[in-house]
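Please open the structure in your viewer and keep the selection panel at hand.

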Amino acid sequence: MNLQQLFTMQKELDQFIEKTQKIERDVFKEKGLALMVELAELANETRCFKFWSTKGPSAREVILEEYVDSIHFILSLGILKGYTSIEKWPVIEEKRDLTEIFLTTQNYILTFISNPAEHSYSAIWQCYGLIAYNLGFSFEDVVSAYIAKNEENYNRQRSGY
């Protein structure tokens, strides 16, 4: 399952945003924080950590959209650091506690932001593969949702979002 199509699409979107918003500085840390926020939003929609509540998770489509919001920033961070050679989507087929996965993922994101090494970047992808598996998302689900959200992001930029 090849990620190169997504890297290409993300690079084009990033260039469009930079031109539209006249971004002329390094926004690596901002994108890192955005990824952490998107991870938290994803966790919130799954409600996996809300032991005090009986309400179930959000609809699958809502969770998938939050998942894909993260993918945009993972791709973008990799592009900024030149880590675009990952070709296969690293799905780890292992049932695990989602809260544990989210905490581990956050740890890897923080590590990558403070020391952007390729092995930390790969670890983030592995965590997201594990999240996808545990949420029941296939690569096709992710690509389809990514393409839809990518177009929405272009439309947002065109309309002054």
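Please note that the model is predicted.

**The largest pocket.** Begin with the largest pocket, whose volume is about 650 Å³. Select Ile17, Lys31, Ala34, Phe73 and Gln157: of the 21 lining residues, these are the closest to the pocket centre. Next, display α1 (4-21), α2 (28-46), α3 (60-81) and α6 (139-158), the elements that each give two or more residues to the lining. Which element gives the most to this lining? It is α1, with five residues. Colouring the lining by residue class shows seven nonpolar, five polar and nine charged residues.

**The nonpolar patch.** Now select Phe49, Phe51 and Trp52, which form a nonpolar patch on the surface. Together, these three residues have about 410 Å² of accessible area. Centre the view on Phe51, in the loop between α2 and α3. Phe51 counts as exposed because its relative accessibility is 73%, above the 50% cut-off.

**Two positive phi angles.** Remain in the loop between α2 and α3 and select Arg47. Its phi is near 60°, a positive value in a residue other than glycine. Is Arg47 buried or exposed? Arg47 has 16% relative accessibility and therefore counts as buried, the limit being under 20%.

Finally, move to the loop between α1 and α2 and select Lys22. Lys22 is not a glycine, yet it has a positive phi of about 55°. With a relative accessible area of 66%, Lys22 is exposed.

Definitions and conventions. Residues numbered from 1 in each chain as written. Predicted model: local features only at pLDDT ≥ 70, side-chain atom pairs only at ≥ 80, totals over all residues. Heavy atoms only, no water. 1 Å grid on protein atoms, 1.4 Å probe; cavity = no way out; pocket = protein on both sides within 12 Å on 5 of 7 lines; lining within 4 Å. Points joined across faces, edges and corners; volume = space filled by probe spheres on them. Helix = DSSP H or I, 4+ residues; strand = E, 2+ residues; numbered from the N terminus. Nonpolar A, V, L, I, M, F, W, Y, C, P; charged D, E, K, R; others polar. Patch = residues over 30% accessible without salt bridge, like charges linked within 9 Å, V, L, I, M, F, W, Y side chains within 5 Å. Areas by Shrake-Rupley, 256 points an atom, 1.4 Å probe, with all protein chains shown as cover. Salt bridge = Lys/Arg side-chain N within 4 Å of Asp/Glu carboxyl O. Buried < 20%, exposed > 50% of the residue type's maximum accessible area, 1.4 Å probe, protein only.
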